[in-house]
Amino acid sequence: MADTLNLSDSDRSSSSDQSVTNRSNNRSLRIAEKERRKNEAEDSFVLAVKYFSEVEEGTPVFGNDQLDRNLEVVEKVAFSKGLSPEAISVLLEFAMSLCMGNSPCVRVLKCLIPASVVPQQAVVRAVVWLNVSKIPISTQVLFIKWVLTVFDLIDAKDQLRAIYGFIFSFITEENLCPYICHLLYLLTRKENVHLYRVRKLLELQSKLGRQPFLMHLLSLYKVFCPELVTLSIPSRIRSGFKSYNLPWKSALMGVQKRNGLQVSSSISSAFTVKEKSISRKRKHCHLDLPALSSALNKEPQSDLTSRRKMVPLVQLSSFSQMLKNMHRIELPAQMGSLLGSSLALQYLDCVQEESTLLRLNFWLGCALHEEFLFCSQTSEEALQFLNNLLSVQHFLQCGLMECLNNMLLKWLTWHSVYALEDDLDISLNSHTSINITLSGFKDSVMELVHFVGRLASLGLQLEGCNTLLLSFILDFYETASDTFLKFDLPLVVMPPPGVFYPALLATDPVSVDRLAYIMHRYKLNLTSAKSQEKRTEQAFHISRQTFLEFNHYLVFMVNCLWNCRMFHANTDLHVREELLHKSNVPQPWARFDFIHHPAFMSYAVDFHQKCWPGRKAVDLDSIKQSKPWSWYLEYLFNQGFDGLKDFVHSSITKQVTPGDERGDSQRR
């Protein structure tokens, strides 16, 4: 019995091993079969593309089994994996040349689903075919719709913009006009706007009526050349470029998702693939912010830059990178994607380009008017869309500083102009019924300036004293420094140390020059206010603390730029002697004067070379001699540093050389 049981166990073990072996063999066979079919499919696709590249003109279509087989192969690959740039070039040339008539042309156009990018040259050749071959209008419309759909995927736009006039010539065709206007809207630059084109659009408008697509293109023309477009453009224009249910949208998004890419289409204004389907018949896809992406985000940036000389915004990841590439940034065709990126919004705020803002306004109008009004305001999509718009408001401190500067400017302007024109008495003894007094107005302005000072100090710390942010902050303090003389408001509020010292020690000369101008204006305002205090009994008195703050800043600034006493014991930047000795910097107390300051070092070297061209060794201390020093100051002032010129003339008593401490070299 035991032997029988052992034999049975052995048989079962052998059967199990044989089953595992069979499954392993079957799996290997399936893998091999799958690989064979894949190779056959690739071979058949290559042969199909080769067929369309070599087919002769006049080849019959009806009864052509080879054509049908090759079209089926191309369609299968296109809708599953997408077509390579080379395949798109071949198929687009085949279709637009009408080599085998219109029927295969339409079928090929409908399966042009790119896997990565669309070659610009292929699109340009196809556009040229519009004027060469007798393509039916319906097919021409289909082709332009395809170009609009894949616009973001075209690897460059320079050649398309070069044939702007050729594309514009098709605008007279009534059926093509809406789509040509849309394409021109995406391609238009200022150099493309001419009077004869404006006249042609106005002529079409008189024929077709005030069509939205014509109004949108005219509005863009008016942004670039307002003197050419005298037509009054409504502030609100309903969507002029409609979102069509085209045959490529869902297939394109599916292919891009499978390939691990993201694109945004200029036709599908916010088309995104959702994991969770929506049960309603009308899907409000416009309420989704499209992802900020580039058609070329997989390519090396060096190759991209060398070929296009432009940097897609999606490749930039920091504010400093954006500043370095400010003149080479290319925005996506779908402007709605910018709302999801704080860096993109920073760029928009910095450049303040009206055409870009106009395109963004068009997208918002499309999303709000066409989609938002048709959905339930309590729906999840609507609430998410509103939250996205609200979050956009928290994107940037540079834009905030500009808004606060405009707010201060409007307040002061109202005080100096409108209040006087309306005969509003807002003095201390006012009996006016309006709920405002000069004292209350002063308090409001003071609170605003103090708030901006705290905000600016924190912003400069967080952004590493960024030059652009500092520029916006100095704009604000240029306004704040003239509250008394320019706006007749007896109030002077000094900037905090977190703004003054970063500006004084900035590495760019413009910031130092602007600070010098601001200090000059503060001095004039304080001097005038003090003299008025002596003449008028009811005048407001400037706080003694304000005079102390100004004198403190003035002494430090003169000691730094003129007296070469940077790290004096009584200054805010006192450094122990042993630390200065360890730095191995010669004469550290003179490293921030007009000669050695990082902002002016290059000017000092240039002046030295011009003053002593025969010297091989550069000795900047030789500039401190009496005559060279006067020449050097004149040289700096001639570079456009008017702020430094005003500051030196108003705050330095006598033209002594830097470091000369014989007598008082500053006005207190």
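## A loop residue to start from

Glu 227 lies in the loop between helix H11 (212–224) and helix H12 (249–258). Helices here are DSSP runs of H or I with at least four residues, strands are runs of E with at least two, and numbering starts at the N terminus. This is a predicted model: local features need pLDDT of at least 70, side-chain atom pairs count only at pLDDT 80 or more, and totals for chains, interfaces and linings use all residues. Residues are numbered from 1 along each chain as its sequence is written, and side-chain values use heavy atoms, with hydrogens and water left out.

Is Glu 227 buried or exposed? Its relative accessibility is 57%, so Glu 227 counts as exposed. The cut-offs are these: buried is under 20% relative accessible area, exposed is over 50%, and partly exposed is in between, with a 1.4 Å probe and protein chains only. Leu 195 is 32 residues away along the chain, and its C-alpha atom is separated from that of Glu 227 by 9.6 Å.

## The whole protein

The protein has 27 helices and two strands. Of its 668 residues, 48% are buried. The protein exposes about 34600 Å², and carbon and sulfur atoms supply 52% of that area. Accessible areas come from the Shrake-Rupley method with a 1.4 Å probe; for residues, only the protein chains shown count as cover.

Contact means heavy atoms within 4.5 Å. Take the contacts between residues at least 6 apart in sequence: 70% of them join residues at least 24 apart.

## Helix H12

H12 is mostly covered, with seven of its ten residues buried. These are Lys 249, Ala 251, Leu 252, Met 253, Gly 254, Val 255 and Gln 256. The cover over them includes helix H2 (65–80) and H6.

## Helix H5

Helix H5 spans residues 120–132, 13 residues in total. From first C-alpha to last it reaches 19 Å, close to the 18 Å expected at 1.5 Å a residue. The expected span is 1.5 Å times one less than the number of residues.

Which residues of H5 are buried? They are Gln 120, Ala 122, Val 123, Val 124, Ala 126, Val 127 and Leu 130. An α-helix has 3.6 residues a turn, so residues three or four places apart point the same way. Cover for the buried residues of H5 includes helix H3 (85–96), helix H6 (137–149), helix H7 (158–162) and helix H8 (164–168). Arg 125 also lies in H5. Arg 125 is partly exposed, with a relative accessible area of 42%. Arg 125 and Leu 160 are 35 residues apart in sequence, and 10.0 Å apart in space, C-alpha to C-alpha.

## Helices H21 and H22

Two packed helices are described by the angle between their axes and the distance between the axes. Helix H21 (residues 497–504) and helix H22 (residues 509–535) pack at about 130 degrees, with axes 8 Å apart. That makes H21 oblique to H22. H21 contributes Phe 500, Ala 503 and Leu 504 to the contact, and H22 contributes Ser 511, Val 512, Leu 515 and Met 519. By class, the contact has six nonpolar, one polar and no charged residues.

Some terms need spelling out. Axes are lines fitted to C-alpha atoms, for helices over the stretch in contact, and angles run from 0 to 180 degrees between N-to-C directions. Angles under 35 degrees are roughly parallel, over 145 roughly antiparallel, 65 to 115 roughly perpendicular, and the rest oblique. Ala, Val, Leu, Ile, Met, Phe, Trp, Tyr, Cys and Pro count as nonpolar; Asp, Glu, Lys and Arg count as charged; the others, Gly among them, count as polar.

## Glu 478 in helix H20

Glu 478 lies in helix H20. At 27% relative accessibility, Glu 478 counts as partly exposed. Leaving aside neighbours within four places in sequence, Glu 478 is in contact with Arg 514, Tyr 517 and Ile 518. Met 519 is 41 residues from Glu 478 in sequence and 9.2 Å from it in space, C-alpha to C-alpha.

Leu 98 is not a glycine, yet it has a positive phi of about 50 degrees. Leu 98 sits in the loop between H3 and helix H4 (102–109), and counts as buried at 16% relative accessibility. Asp 488 is not a glycine either, and its positive phi is about 60 degrees. Its place is in the loop between helix H20 (467–480) and H21. Asp 488 counts as exposed, at 51% relative accessibility.

Asp 593 is found in the loop between helix H24 (577–582) and helix H25 (601–611). Asp 593 is buried, with a relative accessible area of 0%. Not counting residues up to four places away in sequence, Asp 593 touches Cys 560, Leu 561, Cys 564 and Lys 624.
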